[in-house]
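Here's a quick briefing to read alongside the model. Take a look at the fold first, then come back for the details.

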Amino acid sequence: MFRRGFSPFACVFSRGSTTERFFPTSIAVPTSAVKAVRAMMEVLNLTADLRLKFAFQESDDREVWPATFTLLAGSGTNVDGYFPGDTYETLTLTKAWVRFGVVTKNDSAGTKYEFAWVSMRFDTRAC
């Protein structure tokens, strides 16, 4: 089924630790065109202890991205399903480029990897 504006499904994972990992699911966008964002996500086949959260990264170079990211407010799931954003969240961006994605984390302290198939959509506003 074609879902307008959603990214293709991608496999995201956590390593065998509780460290958070960022997976980009959007292209780099000039920050001058982004003042607010509403995130949506569809999750399939999520394994037991994986936690997913909406996030973004900023960079002054659209090819080189830092390891840091910023979580969007009110996001987080550990079950399969469709998770629409309720409202637009205002962003304070300080660099030239932004990209959006998902942060994964293993909620347990175990050593096993966790996986999910994720498709995302980020609606942005410039005002």
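Is Gln 57 buried or exposed? Gln 57 is buried, at a relative accessible area of 3%, where buried means under 20%, exposed over 50% and partly exposed in between, using a 1.4 Å probe and protein chains only. Keep in mind that this is a predicted model, so local features need pLDDT of at least 70 and side-chain atom pairs count only at pLDDT 80 or more, while totals for chains, interfaces and linings use all residues. Residues are numbered from 1 along each chain as its sequence is written, and side-chain values use heavy atoms, with hydrogens and water left out.

**Around Gln 57**

- Gln 57 is found in strand β5; strands here are DSSP runs of E with at least two residues, numbered from the N terminus.
- Its side chain reaches the backbone oxygen of Pro 66 at 2.8 Å.

**The nonpolar core**

- The largest nonpolar core has 22 residues, and Met 41, Leu 52, Leu 72, Leu 91, Phe 100 and Phe 122 touch the most other members; such a core is a set of buried Ala, Val, Leu, Ile, Met, Phe, Trp, Tyr and Cys residues joined through side-chain atoms within 4.5 Å.
- Strands β4 (36–44), β5 (50–59), β9 (97–106) and β10 (114–125) each supply at least two residues of this core.
- Not counting residues up to four places away in sequence, Leu 72 touches Phe 54, Leu 91 and Phe 122, among others.
- As a general point, nonpolar side chains tend to be buried together in soluble globular proteins.

**Strands that pair with β10**

- Strand β1 (residues 10–14) runs antiparallel to β10, and five bridges join them; two strands pair if DSSP finds at least two bridges between them.
- Val 12 has Ala 116 as its bridge partner in β10.
- β4 also pairs with β10 in the antiparallel sense, over nine bridges, and Ala 36 stands opposite Arg 125 in β10.

**Rings and charges**

- There are eight aromatic pairs, counting rings of Phe, Tyr and Trp (its six-membered ring) whose centres lie within 6.5 Å, with planes under 30 degrees apart called stacked, over 60 edge-to-face and the rest tilted.
- The rings of Phe 13 and Phe 115 have centres 6.2 Å apart and planes at 40°, so this pair is tilted.
- Phe 13 lies in β1 and Phe 115 in β10, so the pair ties together parts 102 residues apart in sequence.
- Phe 13, Phe 23, Tyr 113 and Phe 115 form one aromatic cluster.
- Arg 62 lies over the face of Trp 97, 4.4 Å from the ring centre; the rule is NZ of Lys or CZ of Arg within 6 Å of the ring centre and within 35 degrees of the ring normal.
- The charged end of Arg 125 sits over the ring of Tyr 88, 3.7 Å from its centre.

**Around Asp 80**

- Asp 80 is in the loop between β6 (70–71) and β7 (81–83), and is partly exposed at 42% relative accessibility.
- A polar atom of the Asp 80 side chain lies 3.1 Å from the backbone nitrogen of Asn 45, and one lies 2.8 Å from that of Leu 46.

Key
Helices (H or I, at least four residues) and strands (E, at least two) are DSSP runs, numbered from the N terminus. Contact means heavy atoms within 4.5 Å. A polar contact is a pair of N or O atoms within 3.5 Å; within protein, one must be able to donate a hydrogen and the other to accept it, and residues adjacent in sequence count only if both atoms are side-chain atoms.
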